[in-house]
Amino acid sequence: MPTMDMIEERLEFETPQFVHALFANETRQLSYIDEKLGVKVVTREGWILLRGDALNVEKAKRAILDLEEARRSGSEITGKDFRTAIDVAAAGGGTGVAQMGKIKLLGTSGRKPVVPRTPQQVKYVQSMAANDVVFGLGPAGTGKTYLAMAMALSLLKAKKIHRIVLTRPAVEAGEALGFLPGDLQEKVAPYLRPLYDAMHDMLDPETGKRYMEDGTIEIAPLAYMRGRTLANSFVILDEAQNTTPEQLFMLLTRIGEGSHCVVTGDTSQIDLKKGQQSGLIEAQAALKAVESVEFIRFSGADVVRHPVVARIIEAYDAYRG
């Protein structure tokens, strides 16, 4: 029996299968409610019982109803979605999982639409829609480049831009690409592979090939951007922590009329020579007050890869102080 300062709330659903879908068919996910809110959870048949203090039971209920709305709207609930719903409720509210599912990018040729999976990813998508230059900063696996690619393809589909330019510094080769065997594509392919992967994940092979052949999508190392003006384009600079100040300044000043630029990077992963300043670090100081330039910072909480990746990032952050 509950004590005087505890309450119980029972939520009823039509089938056990629907209940299980709310926590990604993994009962162990329910322990996160206790961990985050101190609310005990019991589920049987088609119901969920919440037991704890009134405020936190209400928060847990709000999270479950958020997941219910998302599921009824057609979203497949993942473990990450479940934890995000609890996190949002624990923080007192914000953009829930159901609202995130309504923000859809792309979704052509039978491919599933790309949707943000955390509140910070929602903010990132909204920032890309509202600003000319957006910096996506933070660890790997937070969707920085993937969401930028989805936004670029969505704008291309809507005919708001004419071209997508994907670039990154080939720092491992010292940008001395002329010494490598093969044509340009063969020389730079290993360094640009993540950008190709994102593109192929969102486009069918025929469309992707056509866009590459007619120049609608261009993938090139940063060194090849010098001297150009990129008008009516969506420019994505990946791995910007490995740019020098001169390289990043060069790219940002290539932006022409009707263009957008997204710069992504993680300053904890700088591969430049010792003593060489990162252009991404300089840009954060130099551009923080510039109109239509926004910085979106991600953390381990935004990692959408295996859950252990977020825990690894948090452990390293704590160890390094």
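**Close-up views of a predicted model**

**View 1. Buried face of helix H10.** In helix H10 (residues 245-252), the buried residues are Pro-245, Gln-247, Leu-248, Met-250 and Leu-251; buried means under 20% relative accessible area, with exposed over 50% and partly exposed in between (1.4 Å probe, protein chains only). These residues pack against E4, strand E5 (163-168), strand E7 (233-237), strand E8 (260-265) and helix H11 (279-286), contact meaning heavy atoms within 4.5 Å. Helices (H or I, at least four residues) and strands (E, at least two) are DSSP runs, numbered from the N terminus. The model is predicted: local features need pLDDT of at least 70 and side-chain atom pairs count only at pLDDT 80 or more, whereas totals for chains, interfaces and linings use all residues. Residues are numbered from 1 along each chain as its sequence is written, and side-chain values use heavy atoms, with hydrogens and water left out.

**View 2. The aromatic pair Phe-135 and Phe-295.** The whole structure holds 3 aromatic pairs, counted where ring centres of Phe, Tyr or Trp (its six-membered ring) lie within 6.5 Å. The ring centres of Phe-135 and Phe-295 are 4.5 Å apart and the ring planes are at 20°, so this pair is stacked (planes under 30 degrees apart; over 60 is edge-to-face and the rest tilted). Because Phe-135 belongs to strand E4 (residues 133-137) and Phe-295 to strand E9 (residues 293-297), the pair ties together parts that are 160 residues apart in sequence. Both Phe-135 and Phe-295 are buried.

**View 3. Packing of helices H3 and H4.** Helix H3 (residues 54-72) packs on helix H4 (residues 79-90) at an angle of about 140°, with the axes 8 Å apart. Axes are lines fitted to C-alpha atoms, for helices over the stretch in contact, and angles run from 0 to 180 degrees between N-to-C directions. H3 is therefore oblique to H4; angles under 35 degrees count as roughly parallel, over 145 as roughly antiparallel, 65 to 115 as roughly perpendicular and the rest as oblique. The contact involves Lys-59, Arg-62, Ala-63, Asp-66 and Leu-67 of H3 with Asp-81, Phe-82, Ala-85, Ile-86, Ala-89 and Ala-90 of H4.

**View 4. Packing of helices H6 and H7.** The axes of helix H6 (residues 119-130) and helix H7 (residues 144-157) come within 11 Å and cross at roughly 40°, which means that H6 is oblique to H7. From H6, Gln-121, Tyr-124, Val-125, Met-128 and Ala-129 meet Lys-144, Leu-147, Ala-148 and Met-151 of H7.
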